[in-house]
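Please look through the sequence and the structure shown here before reading on. The report that follows takes up the two chains in turn and then their contact.

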Amino acid sequence: MMTTRWIEISVGAFVVAAGLAFLVLALKVSGLDYNSDDKSTYTVYAHFNNVGGLKPRAKVTMAGVTIGRVASIEIDSEWYDAKVTLKIDNSMADKLSEDTSAMILTSGLLGENYIGLIVGAEEDMIADGGEIKDTQPALVLEDLIGKFLSSMGKE
Amino acid sequence: MLDFLQQRGKRVLDIIGGLGRSAQLLLAALLGIGYVLKNFRLLIKQIYVTGVLSIAIISVSGLFIGMVLGLQGYSILVDFGAEEALGQMVALTLLRELSPVVAALLFAGRAGSALTAEIGLMKATEQLASMEMIGVDPVKRVIAPRLYAGIISLPLLCVIFSVIGVWGGMLVGVEWLGVFDGSYWGNMQASVNFTHDVLNGVIKSIAFAIVVTWIAVFQGYDLVPTSEGISRATTKTVVYGSLAVLGLDFVLTALMFGDF
């Protein structure tokens, strides 16, 4: 017969083990990155003619380094283009110049879409809630094939 | 003909009546939380029986499922030259689906059936009736601690299952098949989202814990108190518990991950 004390100790160890496992999941597996909606981000908007396969929670990178996430994508009924809300890490606050450009890129040949930022040369910086004006839409494969076919036809 | 209709009708009414009794039992047991907190020892004892004693089976299955995922994932991904995405695949499969579901199925088989048999035997030997005689509510004294212990234990087991599974996948993928360990962890961290994947998995396993333990204690509490009744109720616990987990899993997955 197990003593009550042993039962208590083993249950305590069980709870501690599960807590540690949860900590491992939080830190090691999920890396608790920018998309946990904490206050350490600020918002920037960008309008794209076509977002292609971009999805919410896609990463925003600069020089290949992830500096933020796509928070939401919605249609702008005034201009009929896509309004993308970006959550940028606070360490980049006041470091993106007014003429920063945003491109929708694809990781690898079949990978997912993400946004790449290239910083410009202006002195003024984009504030919280500001907008990136220089944007390039996603490359849509069908458009490319269409252009290729029509240029083939001209020759 | 009329007899047949009568039988069908009685059966339907029986089923609905059973649902009603089970809902009553769940509500009464959940409301017994005050009693459980006052008699914390009871809860600890039940967490030991349902949780601690299940750690061995959960760890071993977690390890092997992680290793199988590593092996299968590698053999598929290597064809596309994408074996670096192994960590991402193993972690997402485990966190979102496999660890809540497999842990709940094992829990239904390991702890659920034991709960049913124990409560059923208490009923068959009229321990529950004698408790009522001396003024102790068996729902609060027997059912509530077991229900809460199950609801607490399964999510904890599920988290342990995930971690051991991820480690098992790394064992096969990195140590044996030679995936670069930086990309195993890096791709995993880049794609696993804490709220979307980890917390949703835990929420799933809490839902499964409620359903499986509920079915187990109800089948034990409501069975025909004979040896045959106990064996049938134990079987029902495992069958209904597993089916409920799999069905509920689809609904929860559609709710959590259905927004493409």
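At what angle do α1(B) and helix α7 (residues 138–176) of chain B pack, and how far apart are their axes?

## The packing of α1 and α7 in chain B

In this predicted model, the two helices meet at an angle of about 90 degrees, and their axes are 8 Å apart. Because of that angle, α1(B) counts as roughly perpendicular to α7(B). On the side of α1(B), the residues that take part are B:Leu25, B:Ala28 and B:Ala29, and they meet B:Val139, B:Ile143, B:Ala144 and B:Leu147 of α7(B). The make-up of this contact is seven nonpolar residues, with no polar and no charged ones.

Helix α1 of chain B comprises residues 2–31, 30 residues in total, and the distance from its first C-alpha to its last is 43 Å, which is close to the 44 Å expected at 1.5 Å a residue.

## Chain B as a whole

Chain B has ten helices and zero strands, so that a reading along its sequence gives the pattern α-α-α-α-α-α-α-α-α-α. Its C-alpha atoms fill a box of roughly 65 × 55 × 35 Å along the principal axes, and 45% of its 260 residues count as buried. Among the contacts in chain B with a separation of 6 or more, 87% are between residues 24 or more positions apart.

## Helix α4 of chain B

Helix α4 of chain B (residues 55–77) has 23 residues, which should span 33 Å at 1.5 Å a residue, and the 32 Å between its end C-alpha atoms agrees with this. The buried residues of α4(B) include B:Ile58, B:Ile65, B:Met67, B:Leu69 and B:Tyr74, and also B:Gly62, B:Gly66, B:Gly70 and B:Gly73. The elements that cover these buried residues include α5 (86–124) and α7 of chain B.

Chain A has two helices and eight strands, and from the N terminus on its elements run α-β-β-β-β-β-β-β-β-α. Of its 155 residues, 24% count as buried, and residues 24 or more positions apart account for 62% of the contacts in chain A with a separation of 6 or more. The domain assignment of chain A gives domain 1 (1–32) and domain 2 (41–145), and the C-alpha centres of these two domains lie 42 Å apart.

A:Val51 is placed in the loop between β1 (41–48) and β2 (59–62) of chain A. Is this residue buried or exposed? A:Val51 is buried, because 23 other C-beta atoms lie within 10 Å, where 20 or more are needed. Leaving aside residues up to four places away in sequence, A:Val51 touches A:Ile73, A:Ala82, A:Val84, A:Ile104 and A:Ala138. The C-alpha atom of A:Val51 is separated by 9.9 Å from that of A:Leu105, a residue 54 residues apart from it along the chain.

## The contact between the chains

How many residues does the contact take from each chain? The contact takes 20 residues from chain A and 22 residues from chain B. On the side of chain A that touches chain B, the residues divide into 13 nonpolar, five polar and two charged.

Methods:
Residues are numbered from 1 along each chain as its sequence is written. Chains are lettered from A and ligands numbered from 1 in the order in which they are written. This is a predicted model: local features need pLDDT of at least 70, side-chain atom pairs count only at pLDDT 80 or more; totals for chains, interfaces and linings use all residues. Helices (H or I, at least four residues) and strands (E, at least two) are DSSP runs, numbered from the N terminus. The expected span of a helix is 1.5 Å times one less than its number of residues. Two residues are in contact if their C-beta atoms, placed from the backbone, lie within 7 Å. Ala, Val, Leu, Ile, Met, Phe, Trp, Tyr, Cys and Pro count as nonpolar, Asp, Glu, Lys and Arg as charged, and the others, Gly among them, as polar. Domain bounds come from an automatic or database domain assignment. A residue is buried if 20 or more other C-beta atoms lie within 10 Å of its own, exposed if 12 or fewer, and partly exposed in between; C-beta atoms are placed from the backbone. Axes are lines fitted to C-alpha atoms, for helices over the stretch in contact, and angles run from 0 to 180 degrees between N-to-C directions. Angles under 35 degrees count as roughly parallel, over 145 as roughly antiparallel, 65 to 115 as roughly perpendicular and the rest as oblique.
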